[in-house]
Amino acid sequence: MTTNATPVTLLGLGAMGSALATALLKAGHPVTLWNRTPGKADHLAGPGVTVAGTPDDAVRANDLIIVCLLDHASVHQTLDPLARELAGRTVINLTTTSPAQARELAAWAADAQITYLDGGIMAVPGMIGQPGASILYSGDAGAFEQHRALLEQWGASRYLGADAGLASLYDLALLAGMYVMFAGFMHGVAMVAPAGVPARDFAAMASPWLAAMAGELDGFATVIDGGDYTVAGQQSLDFSDLGDIVAASAEQGISTEVVDMVQRLIRRQIDAGHGSEGFARIVESIRAA
Ligand code: FVH
């Protein structure tokens, strides 16, 4: 075990908190653990582990406090009574919150003289400490730099700026992309199911197809940032009309909600006279709520 590794307090030993603690222990960091329900640290017992009976004891043990609880409300319920003990220490909050909640917590921390860094985890617990895991950070730049080596034990670490809400904003925006893609996949599964196609067979075809199509994102981004949807070489909105997909879905007797949503975004731009422009223009349907 490395003896000069920063000692850390970790509040919250759910699935994610446990994975974070395991990675820190593997890297030689002494950890003090607290969880609301006792017993959740039992599987982590061993050299370098101290289990605190109260959150106060856990916070007093170290200058660096990692928080990974259920939600914003549980973070306040846990930290509010500890404001005095937390003053002068650093809190890195990896609990998923909204950008506004992250900013509110950062303001609360500033009032209490607590250094605050917010994090958005782009991984599931099994990925922590493995290639592919990444965590986004925003808030106090000094805290990020000071603890960067420790943060890298969990996954690739990226600092997005002093606005504490940024990590959450990017986190939720990336998750939005993921969930809509997953919904598109589920739509495809439902569409071929009446033809007797098992979801597993469809997934084997959809996975490389969607991976190849992800290569289009860069081109869309270039058009959007350039602000000119008439640039040559793009697939037009008229060509992208999802009428056939909607009709085929209805013929299969399934819900058309997923494709209707995309079709509405396309139609709004066509109806406004932009049918010959590129597909990326649907971002304007989304921007104008
Ligand atoms: N698990 C995942 O895949 C995702 C990946 C992306 C990031 N999320 C976020 O991480 C936060 C923690 O998630 P988790 O997976 O560890 O969640 P649980 O296993 O449900 O553990 C929740 C812990 O929170 C404690 N807790 C809940 N309410 C309170 C409260 N009022 N006061 C104090 N602690 C509270 C709970 O304690 P207990 O129920 O064992 O007593 C767990 O330690 C989360 O924001 C994800 O969105 C994970």
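T32 is buried in this predicted model, with a relative accessible area of 8%. That value falls under the 20% limit for a buried residue. T32 sits in strand β2, which covers residues 31-34. Its side chain makes a polar contact with the side chain of N62, at 3.3 Å. N62 is also among the residues that T32 touches, together with V8, T9, L10, T50, A52, A58 and A61, leaving aside residues up to four places away in sequence.

Now let us turn to the helices, listed here with their residue ranges.

| Helix | Residues |
|---|---|
| α8 | residues 166-192 |
| α9 | residues 199-213 |
| α10 | residues 217-226 |

How do α8 and α9 meet? Their axes come within 10 Å and cross at roughly 135°. That angle makes α8 oblique to α9, and the crossing is right-handed. On the α8 side, the contact involves M181, F185, G188, V189 and V192, while α9 brings A199, F202, A203, A206 and L210. The residues of this contact divide into 9 nonpolar and 1 polar, with no charged residue.

And what about α10, buried or in the open? Of its 10 residues, the number buried is 1, so α10 lies largely in the open. The helix is followed by G227, whose phi is positive, near 75°.

Key. Residues are numbered from 1 along each chain as its sequence is written. This is a predicted model: local features need pLDDT of at least 70, side-chain atom pairs count only at pLDDT 80 or more; totals for chains, interfaces and linings use all residues. Side-chain values use heavy atoms; hydrogens and water are left out. Axes are lines fitted to C-alpha atoms, for helices over the stretch in contact, and angles run from 0 to 180 degrees between N-to-C directions. Helices (H or I, at least four residues) and strands (E, at least two) are DSSP runs, numbered from the N terminus. Angles under 35 degrees count as roughly parallel, over 145 as roughly antiparallel, 65 to 115 as roughly perpendicular and the rest as oblique. A crossing is left-handed if the near helix is turned anticlockwise from the far one by less than a right angle, and right-handed if clockwise. Contact means heavy atoms within 4.5 Å. Ala, Val, Leu, Ile, Met, Phe, Trp, Tyr, Cys and Pro count as nonpolar, Asp, Glu, Lys and Arg as charged, and the others, Gly among them, as polar. Buried means under 20% relative accessible area, exposed over 50%, partly exposed in between (1.4 Å probe, protein chains only). A polar contact is a pair of N or O atoms within 3.5 Å; within protein, one must be able to donate a hydrogen and the other to accept it, and residues adjacent in sequence count only if both atoms are side-chain atoms.
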